Amino acid sequence: MKIFELGKAKSPWILHYNTGSCNGCDIELLAVLTPRYDVERFGMLNKGNPKQADILLITGPVTKRCRERLLNLYLQVPEPKVVVAVGTCSCGGGVFRHMYNVENGVERVIPVDVYVPGCAARPQQIIDGVVKALQILREKGRALEVPPHLKKIVRGREGGIDRESLLEDLRRR
Amino acid sequence: MKTLLILVFSPVIGGLIEGAFRKVNARMQTRVGPPIVQPFYDLLKLLQKRPILINNYHVLMAYAHFVLMATALATFLLGGDLLLVIFFHGMSLAFLAMGAYSLRSAYSHVGATRELFHILAVEPPLLLIAVNIYMNTGTFLLSDVFETQRLVKIMPFSFLALIASLPGMLRRSPFDVSEAHQEIIGGPEIEYSGPFYAPIYLAKWLEKVLVAAFIGIFFLGSPLIVVAIATSFILVLALDNSTARLSYWDMVKITWVVALPLVGANIFLNAQGVL
């Protein structure tokens with residue numbers, strides 16, 4: 001049904017998570033909500049609640065303290081969902097790449113659909129990235145979406161995390 | 001037949017009111033704002049999300065909240081008892097709080113407690129307004145109340161009391177304590193997701209129609225009825241954009257100190273035959 005697809009693409013609610021970013025991208029992200037750029041005209045709301053979100057906007061290079069929380073948030077977002085990595089850091093580590101305390105980007109922990117590079121990513125770029133994400137969101141269904149490397153970490157239909165095997169998996173990589 | 005038609009279309013009207021709220025709110029902040037049909041897109045989206053069930057009771061309470069809100073609105077529009085409408089409305093909010101208490105989630109619990117204070121703040125002024133309506137019309141039955149003309153002329157202070165409790169009823173600043181998106185991220189509704197959030201989202205629309213109908217009682221038979229409802233809503237939005245959130249106890253205190261004496265004064269003046 002066309003109208004259902006329209007509903008999916010017209011009402012993306014956002015969850016913003018900072019995985020150790022310098023706050024540059026976060027400020028640009030907040031600028032997106034201000035009168036100058038006003039993403040609410042596309043129906044976007046910054047919900048701050050993973051259970052009611054459709055799009056995960058992630059900034060920062062994913063510090064090792066953050067990865068478990070990032071994964072937890074990702075699994076709490078009900079499908080269909082889309083992940084947007086905002087900023088150079090989240091796209092591959094940026095200036096923090098290969099440091100002892102970071103994971104070199106979001107894609108190492110959860111699958112990323114859209115990359116928005118830039119240090120910091122400009123509001124126009126972020127809007128562009130989210131609009132691209134909407135195209136992907138339109139095609140996704142409500143089936144449980146678990147990335148291959150997380151298959152044995154996620155427990156059951158509810159998508160809870162088996163913490164022991166998660167930590168083991170992260171230690172191994 | 002006419003009322004039945006209104007009843008069927010009231011969710012549609014509620015959705016449009018909700019959309020208009022968001023649009024006007026955005027315009028007040030010099031933003032463009034979402035299209036006016038945005039709430040319908042949101043609802044369609046919510047119905048398509050993967051259901052994540054936390055416990056059965058939690059979900060049951062979401063539906064109970066919706067069903068009782070719909071019952072309150074139906075009782076109102078079909079000309080039932082005004083007291084019943086207010087009690088159904090209060091019960092519906094209580095179910096929301098009960099659902100939120102059924103979880104082990106801190107924000108949910110804080111929100112549920114605040115929701116109970118929200119009931120405590122909003123229901124007494126409504127009940128007293130109902131009493132005042134009874135004084136002037138001799139009945140709680142809305143089908144008979146609908147026969148009266150321009151109640152606002154003999155109950156101006158009661159109308160002001162209703163306006164004073166409007167920000168609370170519509171969960172807008174300074175009285176948006178139970179929802180408080182920046183603080184407890186939706187309060188009682190935080191753990192609802194996807195199709196289970198949809199009934200709560202729909203109940204919000206119905207509540208807006210109920211509030212609009214409540215304002216409408218005061219302007220029956222007047223051509224200004226729509227203008228009055230729209231002006232009250234815009235007033236609430238202006239207040240929402242110009243004030244910060246108060247604590248839940250301040251909400252109870254201010255609503256009672258402002259609204260209850262106003263209705264009391266109106267009841268007194270009606271009894272003395274001044275108005």
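**Entry 1: the sheet in chain A**

I began with the strands of chain A, and found an open sheet of five in the order S2-S1-S3-S4-S5, paired in parallel. I looked at the edges next: S2 and strand S5 (114-116) of chain A stand there, and each has a single partner strand, so one side of each is left without a neighbour in the sheet. A reminder to myself: this is a predicted model.

I then followed one pairing. Strand S1 (residues 13-18) of chain A runs parallel to S2(A), and two bridges join them. In this pair, A:Ile14 sits opposite A:Asn46 of S2(A).

**Entry 2: A:Leu134**

Where does A:Leu134 lie? I found A:Leu134 in helix H5 (residues 123-139) of chain A. Is A:Leu134 buried or exposed? Its relative accessibility is 9%, and buried means under 20%, so A:Leu134 counts as buried.

I also looked up what A:Leu134 touches: beyond residues up to four places away in sequence, the list is A:Ala9, A:Pro12, A:Met44 and A:Ile55.

**Entry 3: the nonpolar cores**

I kept a general point in mind here: nonpolar side chains tend to be buried together in soluble globular proteins.

The largest nonpolar core has 68 residues, and B:Phe76, B:Leu82, B:Ile215 and B:Phe233 have the most contacts inside it. Which helix gives the most to this core? It is H8(B), with 15 residues.

Setting aside neighbours within four places in sequence, B:Phe233 is in contact with B:Ile17, B:Phe21, B:Leu170, B:Lys208, B:Val211, B:Ala212 and B:Ile215.

There is also a second, separate core, of 21 residues, and A:Val32, A:Leu57, A:Ile127 and A:Ala133 are among them.

**Entry 4: the largest pocket**

The largest pocket holds about 1,300 Å³. Its lining has 37 residues, and the closest to the centre are A:Leu45, B:Asn25, B:Arg172, B:His181 and B:Gln182.

Which elements supply at least two residues each to the lining? I noted strand S2 (45-46) of chain A, together with helix H1 (2-28), helix H8 (198-217) and helix H9 (225-242) of chain B. By residue type, the lining divides into 15 charged, 13 nonpolar and nine polar.

Key. Residues are numbered from 1 along each chain as its sequence is written. Chains are lettered from A and ligands numbered from 1 in the order in which they are written. This is a predicted model: local features need pLDDT of at least 70, side-chain atom pairs count only at pLDDT 80 or more; totals for chains, interfaces and linings use all residues. Side-chain values use heavy atoms; hydrogens and water are left out. On a 1 Å grid over the protein atoms alone, a cavity is a set of points where a 1.4 Å probe fits but cannot get out, and a pocket is an open set with protein on both sides within 12 Å along at least five of seven lines; lining residues have an atom within 4 Å of a point. Grid points are joined across faces, edges and corners, and a volume is the space filled by probe spheres set on the points. Helices (H or I, at least four residues) and strands (E, at least two) are DSSP runs, numbered from the N terminus. Ala, Val, Leu, Ile, Met, Phe, Trp, Tyr, Cys and Pro count as nonpolar, Asp, Glu, Lys and Arg as charged, and the others, Gly among them, as polar. Two strands pair if DSSP finds at least two bridges between them. A nonpolar core is a set of buried Ala, Val, Leu, Ile, Met, Phe, Trp, Tyr and Cys residues joined through side-chain atoms within 4.5 Å. Buried means under 20% relative accessible area, exposed over 50%, partly exposed in between (1.4 Å probe, protein chains only). Contact means heavy atoms within 4.5 Å.
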